[in-house]
Amino acid sequence: MYQQIKILALGAVEAMSLGTGAVPKKITVFVYNYAATPSEVLVQTEAEAARIYQLGGIEIQWLNCPLSPQEVDQFPACQVAPGPTKLALRILSQSMAERVRQAEDSFGFAMFPEDESFAIIANVFSHDAEALAHRHGMRHGLVLGHLVAHELGHLLLGAGSHSSQGIMHVPWGVKELDMIRRRSMVFTSREAERMRTNIAARTAIARASHAASHRRVMIKQYDGVNLSLSEVSRAEREAQEIFPLRWNPECVDDRTAG
Ligand SMILES: [Zn+2]
């Protein structure tokens, strides 16, 4: 004798239509300004990075998020956890950068999860960007904005995404800094296309997990008294009439029981 376990996944019809229609190319970036970078620098940083992404057909919504628990309630939009389309940008102070710096000439780094889920956290070293900008008579926000675009690019392009040209090229020498000054340092069209594809995949995953967590109810049904299948089906039909949503029955036999 074995018990039959039936699993009914109950989902609203709207959830089933997700994934169709236009593919959004939009990301949100939560900004954590640990470096206390002045607001006018931050404004230019975000504007420069947004311009670079816009040229690649990607729109960025910036959310400047608080660092202290006391301020959290004033920023309700930041209370959502980062996810596939909600990236976290940490602008690190000099002391933080010194602790996490992986290479002497590094200006930031992106973090890649070991479980191969989507990368969502990028870090930039604001003080190093400022020093580089000053050495070359450039504005802090201009250099930091390009640095942010580069590190976010790592998140959206994946590991090993340095390139022989454009904004994913490293290191930044005189030629690259001149391109930044002239605002011609951008993603290649192939990179932009890869990022748009990646964002579409991230959006689909984010929506699916949102739908799964908010629009689905799983009912595990344990038949411990050996009801006949027709009796079980009748009970399900009755329940469906009371709760008129889409039912997706899946059967799982647990043959180890009993
Ligand atoms: Zn890089």
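**View 1. Buried residues of helix 4.** The buried residues of helix 4 (126–135) are S126, D128, A129, E130 and A133. Buried means that 20 or more other C-beta atoms, placed from the backbone, lie within 10 Å of a residue's own; exposed means 12 or fewer, and partly exposed lies in between. Helices (H or I, at least four residues) and strands (E, at least two) are DSSP runs, numbered from the N terminus. The buried residues of helix 4 pack against strand 4 (86–92), helix 3 (94–100), strand 6 (121–125) and helix 5. G137 follows helix 4 and has a positive phi, near 65 degrees. The model is predicted: local features need pLDDT of at least 70, side-chain atom pairs count only at pLDDT 80 or more, and totals for chains, interfaces and linings use all residues. Residues are numbered from 1 along each chain as its sequence is written.

**View 2. Helix 4 against helix 5.** The axes of helix 4 and helix 5 (140–157) come within 8 Å and cross at roughly 125 degrees. Helix 4 is therefore oblique to helix 5. Axes are lines fitted to C-alpha atoms, for helices over the stretch in contact, with angles from 0 to 180 degrees between N-to-C directions. Helix 4 contributes S126, A129, E130, L132 and A133 to the contact, and helix 5 contributes H140, L142, V143, L144 and L147. Contact means C-beta atoms, placed from the backbone, within 7 Å.

**View 3. A129 and the nonpolar core.** A129 touches F107, V124, H140, V143, L144 and L147, leaving aside residues up to four places away in sequence. The largest nonpolar core has 45 residues; L87, L89, V124, A129, V148, L152 and L155 touch the most other members. Such a core is a set of buried Ala, Val, Leu, Ile, Met, Phe, Trp, Tyr and Cys residues joined through C-beta atoms within 7 Å. Helix 5 gives the most to this core, with 10 residues.

**View 4. The loop holding P171.** P171 sits in the loop between helix 5 and helix 6 (174–181). A cis peptide bond joins V170 and P171, with omega about -5 degrees.

View 5. E116 lies in the loop between strand 5 (108–111) and strand 6. Its phi is near 65 degrees, a positive value in a residue other than glycine. E116 is exposed, with 9 other C-beta atoms within 10 Å. R183 lies in the loop between helix 6 and helix 7 (189–214). Phi of R183 is positive too, near 60 degrees.

Note on methods: Angles under 35 degrees count as roughly parallel, over 145 as roughly antiparallel, 65 to 115 as roughly perpendicular and the rest as oblique. Two residues are in contact if their C-beta atoms, placed from the backbone, lie within 7 Å.
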